[in-house]
Amino acid sequence: MAVGTTTGRVTRRRERTRANLLDAAFEVFAAKGFGRVSIEEVCEAAGYSRGAFYSNFDSLDELFFALYRQRADLIAEQVSGALAFDGPDLDVPAAVDRVTEVLLLDRDWLLVKTDFLVHAARDPDVARALLEYRARLRRAIADRLARARGHTPLPAALGDAEGAAHAVVAAYDGVTAQLLLDRDVEHARVWLGQLLTALLTDGSTGQ
């Protein structure tokens with residue numbers, strides 16, 4: 001019993017240390033950019049030693065990917081949750097409103113994500129991992145749109161549900177790129193909502 005209790009405390013402490021390192025790294029990466037940050041800077045920001053870092057991560061690359069995975073999982077959950085209403089029918093304007101209301105549009109995250117994208121573009125192994133997470137988000141959207149087919153028609157120009165999901169993710173990418181420059185989160189939400197509604201309800205299907 002004593003051993004189990006001790007192990008539980010160690011596990012919780014390690015989880016807390018890992019979470020604190022991720023939070024500190026997020027702040028440092030957002031402020032300075034990946035490639036300009038050292039392990040020492042992350043440790044200093046988190047208040048830990050290099051030993052604590054290496055007990056959780058082998059490298060900054062591993063930490064960086066863990067940080068990306070954390071946020072990517074959150075976005076996939078947000079989108080899936082927002083699309084989980086309406087039964088077999090899909091009220092597209094209402095679903096778009098829900099998605100744009102909950103979707104993570106944090107400029108610091110977008111700075112970190114953009115760094116990760118550039119890093120992945122130069123490293124095939126990282127690129128494959130990033131593509132898988134992007135595919136997961138598209139699948140969450142495509143699955144919901146596919147369940148609505150026959151009840152809620154999609155614009156013919158988008159093809160199938162997978163094509164529509166690609167268009168939705170592309171719209172998100174475009175809006176967030178603009179947000180990095182103009183810093184207007186409220187306008188980004190409005191613009192994203194208008195763009196997604198126009199993409200998914202262009203009225204051309206029955207013609």
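In this predicted model, helix α8 passes helix α9 in a right-handed crossing. In general, two packed helices are described by the angle between their axes and the distance between those axes. Here the axes of α8 and α9 come within 10 Å, and they cross at roughly 155°. Because angles over 145 degrees count as roughly antiparallel, α8 is described as roughly antiparallel to α9.

To see where the two helices touch, look along α8 for Ala 164, Ala 167, Val 168, Ala 171, Tyr 172, Gly 174, Val 175, Gln 178 and Leu 179, which meet a set of residues in α9. On the α9 side, that set is made up of Val 185, Ala 188, Trp 191, Leu 192, Leu 195, Leu 196, Leu 199 and Leu 200. When the residues in this contact of α8 with α9 are sorted by class, 15 are nonpolar and two are polar, while no charged residue takes part.

The largest cavity contains about 200 Å³ of space, and of the 18 residues that line it, Val 79, Val 99, Ile 141, Val 168 and Leu 196 are the closest to its centre. The elements that give two or more residues to the lining of the largest cavity are α4 (60-82), α5 (92-102), α7 (124-148), α8 (161-182) and α9 (185-200), and it is α5 that gives the most, with four residues. What classes of residue make up the lining of the largest cavity? It consists of 18 nonpolar residues, with no polar and no charged ones.

The second largest cavity has a volume of about 150 Å³. Its lining is formed by 14 residues, of which Tyr 68, Ala 72, Ile 75, Arg 134 and Leu 137 lie nearest the centre of this cavity. At least two residues of the lining come from each of α4, α6 (107-121), α7 and α8, and the largest share, five residues, is supplied by α4. The lining of the second largest cavity divides into nine nonpolar and five charged residues, with no polar ones, whereas the lining of the largest cavity has no charged residues.

Key
Residues are numbered from 1 along each chain as its sequence is written. This is a predicted model: local features need pLDDT of at least 70, side-chain atom pairs count only at pLDDT 80 or more; totals for chains, interfaces and linings use all residues. Side-chain values use heavy atoms; hydrogens and water are left out. On a 1 Å grid over the protein atoms alone, a cavity is a set of points where a 1.4 Å probe fits but cannot get out, and a pocket is an open set with protein on both sides within 12 Å along at least five of seven lines; lining residues have an atom within 4 Å of a point. Grid points are joined across faces, edges and corners, and a volume is the space filled by probe spheres set on the points. Ala, Val, Leu, Ile, Met, Phe, Trp, Tyr, Cys and Pro count as nonpolar, Asp, Glu, Lys and Arg as charged, and the others, Gly among them, as polar. Axes are lines fitted to C-alpha atoms, for helices over the stretch in contact, and angles run from 0 to 180 degrees between N-to-C directions. Angles under 35 degrees count as roughly parallel, over 145 as roughly antiparallel, 65 to 115 as roughly perpendicular and the rest as oblique. A crossing is left-handed if the near helix is turned anticlockwise from the far one by less than a right angle, and right-handed if clockwise. Contact means heavy atoms within 4.5 Å.
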